[in-house]
Amino acid sequence: MKSEDLLRHIGSVKDEYIEEIMTESVRTARRRTDSRRMITSIAASLAVVILGASVIAMHGAPVERDDLSLTGNVHNMAMAENSIVMLDVNPSVLVEVNDRNVVVKVEGLNDDAQTVLDGLELAGKEYETAVSEIVTSMQKNGYITELKNSILVSAEAATDEMARQLIDISVDVITQIDETVDYGFSILSQMIDHTDSAAALAEKYSVSEGRVDMINKFVGEHEDYSFEMLIDNNIQLLNQLFEYVGLPQGIERIGSAAGVVPAECEEKLALNELSGQELLSFASAISDFYDKLSDYYSAGDVAKRIGYEFSIVEQTTEDGQKLWAVLAESLTKSIGNHGAIINIGKGTADWLSQDDTGKMIEDLVGAIIKAA
Amino acid sequence: MDDRRIVELFLERSEEAILQTDIKYGRYCHRVAFNVLGNTEDSEECVNDAYMRVWNSIPPNEPDSLSAYVGKVTRNIALDKLRQKNSDKRGNGEVPVLLDELAECLSGADEYERRMDSEEIVNALNSFLEGLSTTERGVFMRRYWMAEPIADVAERYDISVSKTTTMLFRLRGRLKKHFMKEGISL
């Protein structure tokens, strides 16, 4: 084939690509909340062109025209922009999607994300397919399990409608995967605007702008927490924290985070008396307790609390430290009971042997009665 | 006027159809023709021929996209005219440079190997375009479909000429790889 033939073939591509260059001014831009966003907005407003139209007289004669400078129709030129979706677990993956929901670029923002993306060829695929492959790879690599069931989806697009559409697609795809594996995903989602400050923090900590934005939203509502305190934690622990403290505004959640104290037990605890750092440690210790239980039960059973009874008792020591005794009483004698003492002042949870668990409960109950 | 209504006017054999087509797409058609032919007089003739061909082909054709239809007709006529007028040279428009650029996308396979079905090639081009960002696709289409000079493409996308040149160079490389991946030897 000669290059002339290729030039001819290019002339036969899909109509939609031709329409695009005829009727639209295409620009790749990310929505911004800072001054650069303002510039983009102004550019969009100015993207109006007056097309000249020649007036022709048609009386059976061949078409005649004046020159092309005559004024004529005004065509609003829609801005076609790529959108960004970020998927965070601990791996942080950035997916750039064009206006046809086709993946243009995928970027791993941290080492874990490189592991997830290893061997995946996602550019050129439909967005749904890419999300499915990324989340499935996260599962295969152990970043998502029954006990680590949280994922954050952040969408950044030219309009809220476009961002919402991408979030909805993402949630649908992840939900479909969940129906297959029955992990009981907890899907956090949010629409975000690009800011230079968030981008700088995201780059500094090798995470997505979405994770930075979510933490900023939370910290903005809770003075007891700082960005630095939270940024090194994965989405699972942040989601567990939200289970105790509440979701920040602008974050939506479908499904509960695994590895937290059941709501009925939480009501008996005075967790609101804990400082931000203490509650974070508590959430982490409870999560560790569930992880350790998976040595004795399947991870799915641990997450869904099948086969054992979960209980937790809170006590304040003489020096004002809080202690919690956590117990998983097996409903089948062959597995036995498993417990732990959580002592934030001294560090993390201490795992107790089976022989100690019975005594632990007696001691704690005794201590509580004494304190009362 | 709505494209659908213009097509209906063609179907009704109303000459108003050509008037409305020219009002809406005349400038664009002229631009395509001029980019290929590099001559105002030839471009005028090309666009007029294109209108007549559209008039004669609707009906029986009933295009879903009038803009793409008119554009394709204009482009094909312009390339035909260029071939007729310049059997021994390549003309004055952008085409000579375009052809040199597009030669980079060819693999150099021999004639037997490169006998590919046109539909396969167009399908491969479509899947290549599908995977590009909107800007990349626009730059590629404006350069190789509309035959726009690189400086005009750069200005339209508010990027430098050198960046546009680099982008086009990379896109040609990617297109060549895409063809190879699709099993197409050109």
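Leaving aside neighbours within four places in sequence, B:S133 is in contact (heavy atoms within 4.5 Å) with A:N82, A:N98 and A:V104. This is a predicted model: local features need pLDDT of at least 70, side-chain atom pairs count only at pLDDT 80 or more, and totals for chains, interfaces and linings use all residues. Residues are numbered from 1 along each chain as its sequence is written, chains are lettered from A and ligands numbered from 1 in the order written, and side-chain values use heavy atoms, without hydrogens and water.

- B:S133 lies in the loop between α6 (118–130) and α7 (134–144) of chain B; helices (H or I, at least four residues) and strands (E, at least two) are DSSP runs, numbered from the N terminus.
- B:S133 is buried, at 7% relative accessible area; buried means under 20%, exposed over 50%, partly exposed in between (1.4 Å probe, protein chains only).
- α6(B) has 13 residues and spans 18 Å from first C-alpha to last, close to the expected 18 Å (1.5 Å times one less than its number of residues).
- Buried residues in α6(B) include B:I121, B:L125 and B:F128.

**Strands of chain A**

- Strand β12 (residues 322–330) has eight of its nine residues buried.
- β11 (residues 308–316) and β12(A) run antiparallel, joined by nine bridges; strands pair if DSSP finds at least two bridges between them.
- These two strands form a hairpin with five residues between them, and A:G320 in the turn has a positive phi of about 90°.
- β12(A) also pairs with β13 (residues 338–343), antiparallel, over six bridges.
- A:W324 of β12(A) stands opposite A:E314 and opposite A:I342 in β13(A).
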